[in-house]
Structures are given as structure tokens and as C-alpha cells.
Amino acid sequence: LLSRYWPAEKQKVEVNTPQGKMSWTLPATMYIPYKPDEGRQNNFLRVQDIMILDLLKTNFDLAKTPNPRPVYFAVTVANSNMIGLRSNLTFEGMLFHVNPKANQNIDPQILKKHLLETYRGHFRGIGDPSVHYDDNVQKLLQNYRSAFLQLSYHYSSLPKDTLVHRQFESLDDRLAHFDEQSNDQKALTLLLLMDSEIPESVRPIGNTDLSIQIGKMYSDLGKPDELRRRLELATTRDDLTFENRSRLAAYWYSSFRDSARAEQIMKDVLGDNPTRDMLYTSATQLFSAGAHALAARYFNKILEMDPNDGQAIGGLMQVYESLGDLQGSRALLENWVNKHPQDRGAKQRLDQVMKQITGDTSTLRVQN
């Protein structure tokens, strides 16, 4: 058992590979009482961790393995079972390749080959609604979506190239000329292929945020209607938490700057008798999305319930600062200081606002 004892001084691991030295930190993964002064932090390795570590060391020991083999983790392996190698794993589709060179998150060439060639025969029956997929298989499908999304994001993150955007008659036409496309066109082609092979209408995405993020990727690539469709679809779901539902209004405003639609979504979410916490959540989400005027309405509704609500006052102050509304900041602070004369911080902020109003340029902008 003590051979598995794994204190801090043993946690730096080094392995010599044909591509160079690979070093990483392998933290202890389980706790066994051993020394009274250790506390209850993990201090031993599990048997499976010892096994994987031994496999790596044996594979890259030329005396034991003259021809080292590449080592992979399946994408279904939990992070807790990867012995701290996360920075040395390169995503290649359904696998993570153990890579001596750290922080190479994906191999775009291998991933492209798998998605456009290797996996093309893997999607039989996915688009057929008469084929039953249990919950486990539905979740496994997300790994394929993840591969498409990661490669699409890779291309969209590359510098803009000078290739002329060409027109395509169909998805097959896009795929036949994939390498001739600009980076943005490649990213869009991958999204279109993903939705063709794994249609959400048949195999839905349970995570609304993920579906909307996909919509944002479409929008950034010139198809805003796809984001609009996903947002509208999300508003019809009745299985979302209040926070997720209210976030839809913020998404709508940040994406389309449509305050009327954002406000209507928020009204539908809040109902007729919203609580103070519901109003505060709505206001903060709208503020983060840049819908400052809408956020102010909900902060003010909180103050109608309780004029001494400090969080609402602070939120409203941030709104006024973002809008450059010095008179609004002044009125809010004067009212607060009159009711709370002992609040020295509020007095100081009021003095700063007054100096700004009177044109004292030596005064800094009101601090958050």
C-alpha cells in the first residue's frame, strides 16, 4: 500500500519520449489516514492511476519497448481518470492523443480527416426518428457534435484570409471543395454538416445554452436567422430553470439589440408577481447584456419594494455610470445619503459625481 503513497514531492512526473521529455503534475487521487499532520487532503494514488502511469513509463522506456506506440484516451474517459495529463492531450475526434508537447488542444488536420472521411459512415439511422436511441446513446452523440464544434471554432478563430467567398449549390458541393474555402466558410460548412448528420429536430440538444452558442456561431458566420430560430425555440421550453429562461432575454438583446422583444420575454418569464430575487437576477442579466435601460426598470421595481435595498442601489448606480447619466447618479446618491448619513462611502461617491457635474476634470470617474 505504501508504494502508492503520493506526497507533494512525488507529484512531478517526467517521461522521456521520442518527441522529447514530457513532464506534468500528477496529484494524489485518494485519501488514506497515514500521517497525523497531513490533514485530510488526498495523499495516495488509486490502483488505476498506478496502472496508467506504469503503462506510459513502460511504453516510453526503450529498454522495454523498442518501438513505442501512440497512447490515447477515449473521449468518454472522465478527467479524474487522466492522471493529470489534461494539458498533454490533443483532441482528434473520439480520442485524446497523449502528446509530449503541451497545450495543443486539437489536431485540425486529423480531426478534419475523421469528420469528413472516417466518420461519414458512422451516422446511419441518426436522422431517422423511427430509430430509438436511449438516453446513454443520446449523450454519446454529443461527442460527435463536440468534434464538429471544436473544428468549426478552430477555423473561425483563425485570422481572416483573402480567399474569395464562393457560392455553393449544396452541402455536397461545399464538401467537395472544402479545402478551397475561406476559414469562415470552412467553419460554416462543418456546422451545416453537423446539423445534417445529427439533426436537432430528431436528436435534440438538452443543454439550451449549448444550442444557443451554436446559434451564435452561425450568426457570427453570417446566418443570424439560425440564432433567432434557436432563441425562439428555447422560449417555448417548459423544463428550464428561471435563471436560464430569464437569460434568454439577455441573449436576445445582446444578439439583436431588440429591447422590445427582450422585454416581452422577460415579462413572460417573471409573470405577474415576481419576487425580489427574480427581479434582481433579471436586472443583472440584462445589465451584463448591455440592456442598461431595461435593467434600470427592474432595479427600480426592487426599490419600489424596498427603498433601502443596497444591492439594487448599487446595480442602478452601475447603470447610470454606463449610461453616463450623472444627474441620475446624483439624485440616487443624494436620496441614499439623506436616509443613511453614516455611509461615508456614499458621501464620497456623491462628492465625486458633483465635481464631475460642475466640470472638475481632476476628479476621476466614479469607481464601482
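Buried means under 20% relative accessible area. In this predicted model, R230 has a relative accessible area of 2%, so R230 is buried.

**Around R230**

R230 lies in helix 7, which covers residues 224–235. The side chain of R230 makes a polar contact of 3.0 Å with the side chain of S211. Setting aside residues up to four places away in sequence, R230 touches D195, E200, S211, I214, G215 and Y218.

**Aromatic pairs**

The structure holds 10 aromatic pairs. Two of them are set out below.

| Pair | Centre to centre | Angle between planes | Class |
|---|---|---|---|
| W252 and F256 | 5.2 Å | 55° | tilted |
| Y280 and F299 | 6.0 Å | 65° | edge-to-face |

The Y280 and F299 pair links distant parts of the chain. Y280 sits in helix 10 (residues 276–288) and F299 in helix 11 (residues 292–305), 19 residues apart. Y280 has 22% relative accessibility, so Y280 counts as partly exposed. F299 has 2%, so F299 counts as buried.

W252 and F256 both belong to helix 8 (residues 242–256). They are four residues apart, so about one helical turn separates them. W252 is buried, at 3% relative accessible area.

Ring pairs also join Y119, F123, Y144 and F148 into a cluster.

**Charges over rings**

The charged end of R261 sits over the ring of W252, 5.7 Å from its centre. Elsewhere, R86 lies over the face of F96, at 4.6 Å from the ring centre.

How values were computed:
Residues numbered from 1 in each chain as written. Predicted model: local features only at pLDDT ≥ 70, side-chain atom pairs only at ≥ 80, totals over all residues. Heavy atoms only, no water. Helix = DSSP H or I, 4+ residues; strand = E, 2+ residues; numbered from the N terminus. Buried < 20%, exposed > 50% of the residue type's maximum accessible area, 1.4 Å probe, protein only. Polar contact = N/O pair within 3.5 Å; in protein donor to acceptor, adjacent residues only side chain to side chain. Contact = heavy atoms within 4.5 Å. Phe/Tyr/Trp six-rings, centres within 6.5 Å; stacked < 30°, edge-to-face > 60°. Lys NZ or Arg CZ within 6 Å of the ring centre and 35° of its normal.
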